[in-house]
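Let's take a walk through this model together, starting with how helices cross and ending at the ligand.

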Amino acid sequence: MALHIHESGEDAQRSLHVRPRPINIDADSIPKLRMPARGMLPGAAYEIVHDELLLDGVARLNLATFVTTWMDQEAELLMAECAAKNMIDKDEYPQTAELERRCVNILASLWHAAEGENATGCSTTGSSEACMLGGLALLRRWRARPGHEKTATPNLVMGANVQVCWEKFCRYWDVEARLVPVSAEHTHLTAETALAHCDENTIGVVAVLGSTFDGAYEPVAQIAAALDALAEGGGPDVPIHVDGASGGMVAPFIDPDLEWDFRIKRVQSINTSGHKYGLVYPGVGWVVWRERGALPDELVFSVDYLGGHMPTFSLNFSRPGAQVVAQYYMFLRLGFEGYRDTQQTSRDTAIWLAEQIGALDCFELVSRGDELPVFAFSCAVGTPFTVYDVSDAIRSRGWLVPAYKMPAAIDDISVLRIVVRNGFTRDLAELFLDDLQRAVRTVARRGSDPEPVTSFHH
Ligand SMILES: Cc1ncc(COP(=O)(O)O)c(C=O)c1O
């Protein structure tokens, strides 16, 4: 196996500045599942790891992920400069803490938190942690509600299409996951179906903007109106958490008239993934509560900060500061107009590509890319191959397009999903379309794989 390594001390001195020269190393001398007895020079370790990672997919061709795969070089530079900063060390890195505070304020105002209500929030490692915190606040507030039955099992109402982090939340904290069945007509939660599943032990309803499965927005305002009517009629007063993992950074810019955020009184908290349409590399998420009172005191811990104390409420302790800094950079770099143009371009590309694919005889669109810039499509009835065959075939050109079943109740429908992100240009979309048509011709000739396997997880 050809590797690159230095032998002399002089070479080692230079190793940070020059490419090391290749030498042959016995592959057996690099154990994979235990630590090597002796170390090696940095250049050699770099080459080994770097070469192995060549086998990963190309991030920009990964149409499966919602996560940012392209940033400015300046953002990358800032992130490298901040790689050693721990977000929790507010005392040592007060300015990083200040940038986090500014980002929370920027998001609160983007999501129309009222000036006087003192919205509060924090950064997290991603939406999963942010959802845990949002869910925990709902759970604590339900427990604190006077008159509720102490032994009752709390439940959380959400569509069967929710991302797995909500099922994790329910399992970790002994909450019943009340998964509302979806249908081919409504692939997500509706006001009627949400309402029908609420009772006095419901800690909240999770409304998703938009669905991981097909990019559809759930009707937050309609769900809220139905819950308002329930409370006014003497029923339970059920708060809403909006899981805006993706849509929280899309809708404010290109659907300004859509009411889904703190303009709706019943929306207590919102999360988003800074590393999705927030346009930052992984991992950073955000959670914001509409007012300080929506975040129970038991969830707030005090850490030392500039010799004083600063409240924190994240689950993780140590966490990188670089992504938070990069988020602030992106807010400055793009501004409102820049985000609007970027998200609109992604939506235009998604709609265009969905239309092209929908026009092919072998596919049927499940969604059109006109909410999140994301769409799903299935194989038309009678097509002699499956979505799994197509996913497999298109991979030979480097494109990663997941194939999976829709949620329970409509899991007889299998789809391919395309996530259009910043960096997936119209030009790339045209190349993708050519490759998709080529893949279709190949699988049509070859026929279906009798035992398709998928390892895709939402
Ligand atoms: C709707 C929704 N919620 C939560 C998550 C989890 O987000 P993260 O990957 O940032 O933890 C995702 C991820 O795709 C999502 O789509």
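When two helices cross, the crossing is called left-handed if the near helix is turned anticlockwise from the far one by less than a right angle, and right-handed if it is turned clockwise. Keep that in mind as you look at this model, which is predicted.

Begin with helix H4 (residues 94-110), which passes H10 in a left-handed crossing. The two pack at an angle of about 50°, and their axes lie 9 Å apart. That angle makes H4 oblique to H10.

Now turn to helix H3 (residues 73-81), another packing partner of H10. Here the axes are 8 Å apart and the angle is about 150°. Angles over 145 degrees count as roughly antiparallel, and therefore H3 and H10 are described as roughly antiparallel to each other. The crossing of H3 past H10 is right-handed.

H10 itself deserves a look from end to end. What does helix H10 (residues 322-358) span between its end C-alpha atoms? The distance is only 41 Å, whereas a straight helix of 37 residues would span 54 Å at 1.5 Å a residue. Follow the helix to Gly335 and you will find a bend of about 85°.

Finally, move over to the ligand, which 14 residues surround. The closest are Gly126, Ser127, Ser128, Gln163 and Ala245. Helix H5 (residues 127-144) supplies the largest share of this shell, with three residues. Sorted by class, the shell holds eight polar residues, five nonpolar ones and one charged residue.

Note on methods: Residues are numbered from 1 along each chain as its sequence is written. This is a predicted model: local features need pLDDT of at least 70, side-chain atom pairs count only at pLDDT 80 or more; totals for chains, interfaces and linings use all residues. A residue is near a molecule or strand if its C-beta atom, placed from the backbone, lies within 6 Å of it. Helices (H or I, at least four residues) and strands (E, at least two) are DSSP runs, numbered from the N terminus. Ala, Val, Leu, Ile, Met, Phe, Trp, Tyr, Cys and Pro count as nonpolar, Asp, Glu, Lys and Arg as charged, and the others, Gly among them, as polar. The expected span of a helix is 1.5 Å times one less than its number of residues. The bend at a residue is the angle between axes fitted to the seven residues ending there and the seven starting there. Axes are lines fitted to C-alpha atoms, for helices over the stretch in contact, and angles run from 0 to 180 degrees between N-to-C directions. Angles under 35 degrees count as roughly parallel, over 145 as roughly antiparallel, 65 to 115 as roughly perpendicular and the rest as oblique.
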